[in-house]
Amino acid sequence: MEIDDYHFKLKIVIIGDKGVGKTTFLDAITSNFGKIVESEQSNELNTRVVGYLDDNTLFQIHYWEILGSLKSSGYFYRYCLGASAAIYMFDASKRSSFEKVEKWITENEKCDVPVKVLVGNKIDLMNNSKTSISKSEAISLARKYGMEYFEACALGETSVAPVYDYVFSTIVNSIPNPPTPSQLMGKGIILGKRLINSTKYQLALCDIASLYE
Ligand SMILES: Nc1nc2c(ncn2[C@@H]2O[C@H](COP(=O)(O)OP(=O)(O)OP(=O)(O)O)[C@@H](O)[C@H]2O)c(=O)[nH]1
Ligand SMILES: [Mg+2]
């Protein structure tokens with residue numbers, strides 16, 4: 001597969017305090033859903049580009065893990081611009097990570113990411129911790145910002161699938177048929193040459209154009 005040979009391109013960001021399990025979670029997603037075609041690590045970001053085939057449609061998904069050590073500085077939201085989805089993660093056994101996640105959520109309101117979820121990771125450690133976050137507390141934070149809440153144990157991998165399924169299917173269900181560029185604006189979804197060059201797509205666009213003649 002060529003790197004730019006896809007139907008749709010999209011970006012998913014994963015945000016949370018240092019050590020909450022973002023990389024572990026990302027590893028579980030990228031090893032189970034698709035094939036990594038590129039990966040890069042810098043002081044601020046850990047990025048992976050994955051080719052994922054779903055129902056004969058090839059998606060190029062750019063995952064951006066925003067490192068927890070990155071200080072929130074007022075322009076943090078720029079990493080999230082153009083994203084289709086944001087996964088906000090905290091460590092369910094560590095209250096300080098829960099308190100920080102709300103700060104990032106509010107800071108990010110500026111970029112209006114269409115799909116957002118809250119993930120409480122490391123639920124396997126909750127019983128050993130006095131600062132655990134209860135499920136109801138996490139759900140009320142998620143509701144406050146119009147998000148779904150998921151509990152996860154990224155080490156176990158199985159709890160990663162429901163988060164991925166929810167995020168991916170919500171993005172895919174928002175794609176109109178046929179997907180005209182103007183209808184995709186604001187969804188963070190970019191059309192690839194594999195779709196644009198297909199006869200079926202071009203005919204569908206002609207059908208739409210004929211409606212306005
Ligand atoms: N017990 C437990 N440990 C976990 C879980 N998820 C991740 N870890 C461990 O937590 C540690 C930190 O995980 P990372 O994935 O590196 O955390 P991160 O959020 O990427 O950290 P930064 O990139 O430094 O911000 C590692 O030792 C992981 O093995 C989990 O669900 N349960
Ligand atoms: Mg990491």
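Modeller: Setting aside neighbours within four places in sequence, His-7 is in contact with Thr-57, Leu-58, Phe-59, Gly-192, Arg-194 and Leu-195; contact means that the C-beta atoms, placed from the backbone, lie within 7 Å. This is a predicted model, where local features need pLDDT of at least 70 and side-chain atom pairs count only at pLDDT 80 or more, while totals for chains, interfaces and linings use all residues. Residues are numbered from 1 along each chain as its sequence is written, with chains lettered from A and ligands numbered from 1 in the order in which they are written.

His-7 belongs to the segment before β1. Helices (H or I, at least four residues) and strands (E, at least two) are DSSP runs numbered from the N terminus. His-7 counts as buried because 21 other C-beta atoms lie within 10 Å; the cut-offs are 20 or more for buried, 12 or fewer for exposed, and partly exposed in between, again with C-beta atoms placed from the backbone. Gln-60 is 53 residues from His-7 along the chain, yet their C-alpha atoms are separated by 7.8 Å.

Ile-15 stands opposite Ile-66 in β4. β4 also runs antiparallel to β3, joined to it by 10 bridges, and Asp-54 has Thr-57 in β4 as its bridge partner. Two residues lie between the strands of this β3 and β4 hairpin, in which Asp-55 takes a positive phi near 55°.

Beyond its neighbours within four places in sequence, Ile-87 is in contact with residues including Ile-12, Ile-14 and Val-117.

Finally, the buried residues of α1 are Lys-22, Phe-25, Leu-26, Ala-28 and Ile-29. They cover an arc of only 160° around the axis, so they are on the same side of α1; the arc is taken from the directions from the helix axis to the C-beta atoms. These buried residues pack against β1, β3 (45-54), β4, β5, β6 and α4.

Conventions
Two residues are in contact if their C-beta atoms, placed from the backbone, lie within 7 Å. Two strands pair if DSSP finds at least two bridges between them.
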